[in-house]
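This briefing goes through selected helices and sheets of one protein model. Please keep the structure in view while reading.

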Amino acid sequence: MGLDPGLRRLALGTLLAAYAGPVPPDWAVDLLADGLAGHTLFGTNVHDPAQVAASTAALRAGRADVILAIDEEGGDVTRLAHATGSPYPGNAALGAVDDPDLTRQVYAAIGGELAALGLTLDLAPTVDVNTADENPVIGTRSFGADPKRVAVHSAAAVAGLQSAGVAACAKHFPGHGATVADSHHELPTVDVPPAVLRERDLPPFAAVVDAGVRAVMTAHIRVPALTGDGPATFSRAVLVDLLRGEYGFTGTVITDALEMKGAALAAGGVGPAAVRALAAGADLLCIGAQVDAELVELVAAEIVAGIGDGRLDRARVEEAAGRTAALAAWTGPADAPAPVAADLGYAAALRAVHVEGDLPAAEAPLVVQVHATSTIAEGRVPWGLGPHLPAEVAQARAVAGETDPAELRGLAGDRPVVLVGRHLHRLPGARELIEALAATHPVTVVEMGWPGAWRPAGARAFVATYGASHANGRAAARVLGLTD
């Protein structure tokens, strides 16, 4: 027997799917007509603005009130500019500038671009307080390590996005900033009492709720005092008692991608994870990036089965679908935000650059970019100073722990060295490489990741950009005197 059509439609109304490629396949449109809540667009869905606008129009033909979401955080996490890097600095840079009005302007500009392309929900801002320098997944996606500063900028970001008519989704509740593991690959644990969360991690969420944020995303993290052995995504104590009861949130609770190991492994698959998340109080279930029609139907069938076998109360699923429908129906303010300067993002990134020590004299250096991997959240996006350097500036690439410093010294000759990296303090061999070069050459280190407390021994100058977007790279090149 097939699924009851009414229950299938109800289950589909809680699901946020995805598809591959630049053109929505027929099944992605057909499922919208059947009641699917919406789709998330990823980098593989984005070629150019005209193509994205055509895609969203095709999806909206399936159902007018579809949710069309994207992870457009600016900075290191961009889908629209995945081929070049974002023209906006990310949260860490905005937090370093510490001008809430600038943060609002940047997010209004991002929201304006999304709205013009037919996108309705930005899975941003990241409002986690990054208190762990070793955090492998948040880092420069955070406004900083101070809860009060992060709270102020989080509220400003929400106001900016939603002023453009694009719903904001603050993430990752109850706070991913103190973790030293990536929930894409495992279930991180934050073993602190609730009082620590209220003082350290939760103030930004209180601020965005007060600012009227339309959605909040769950974190696949374990907080034993609240969640027991499972993630917050499956915890009623977190999603209902804390977020709704204590903080008064009335909008839509969206899960982080259920395909992530932090959720899927804990539940035994995406389908069971969907049931557990709904039972805990989640409303809109982000399935993930690797999605096809078969997976959507599988998850919908699992939800219907959960209603039948008692794992789920039908009224809970109806509540979730109702909140999701309300998010889809939200259209934002009547007045669009005022136009912003074309170079807003680059000007903001320039304000964020922080220099310690003495920059070398204005002579052409050897610019060495140290290889760094990207997280799943970031994806493979170009970064560094290379795109902003004139042809006469010599460039080289290095792999920390593998590249012989003598080779780089030979390439440098009599020139100073500018060594560019991301999260250099986390790269085995990076410190040793810097020290070896600094023994014979003036070295300027450009840190385009989370700068934290570390500083390289022997370097003449340390430049922090607080991010690796296209805007951050251009700003660093200008500060170094390598471009106008």
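The model is predicted, so local features need pLDDT of at least 70 and side-chain atom pairs count only at pLDDT 80 or more, while totals for chains, interfaces and linings use all residues. Residues are numbered from 1 along each chain as its sequence is written, and side-chain values use heavy atoms, with hydrogens and water left out. Helices (H or I, at least four residues) and strands (E, at least two) are DSSP runs, numbered from the N terminus.

- An open sheet is formed by eight strands with parallel pairing, in the order 7-6-5-4-3-2-1-8; two strands pair if DSSP finds at least two bridges between them.
- Its edge strands, each pairing on one side only, are strand 7 (252-254) and strand 8 (285-286).
- Strand 4 (residues 121-122) runs parallel to strand 5 and is joined to it by two bridges.
- Opposite Asp122 stands Ala168 in strand 5.

**Helix 8**

- Helix 8 (residues 203-210) has Pro204, Phe205, Ala207, Val208 and Val209 buried (under 20% relative accessible area, with exposed over 50% and partly exposed in between; 1.4 Å probe, protein chains only).
- These buried residues pack against helix 6 (147-163), strand 5 (167-173), helix 7 (194-201) and strand 6 (215-218).
- Gly212 follows helix 8 and has a positive phi, near 85 degrees.

- Six strands make an open sheet with mixed pairing, in the order 9-14-13-12-10-11.
- Strand 9 (354-357) and strand 11 (394-398) are the edge strands, and each pairs on one side only.
- From one strand to the next, the twist averages 20 degrees.
- Strand 10 (residues 366-370) pairs with strand 12 (residues 417-421) in the parallel sense over four bridges.
- Val367 stands opposite Val418 in strand 12.
- Helix 17 (residues 430-438) packs on the sheet and touches strands 10, 11, 12 and 13 (443-447); contact means heavy atoms within 4.5 Å.
- The direction of helix 17 makes about 175 degrees with that of strand 12.

**Helices 2 and 3**

- Helix 2 (residues 26-33) and helix 3 (residues 49-62) pack with axes 7 Å apart, at an angle of about 40 degrees.
- Axes are lines fitted to C-alpha atoms, for helices over the stretch in contact, and angles run from 0 to 180 degrees between N-to-C directions.
- The two helices are therefore oblique to each other (angles under 35 degrees count as roughly parallel, over 145 as roughly antiparallel, 65 to 115 as roughly perpendicular and the rest as oblique).
- Ala28, Val29, Leu32 and Ala33 in helix 2 meet Ala58, Leu59 and Gly62 in helix 3.
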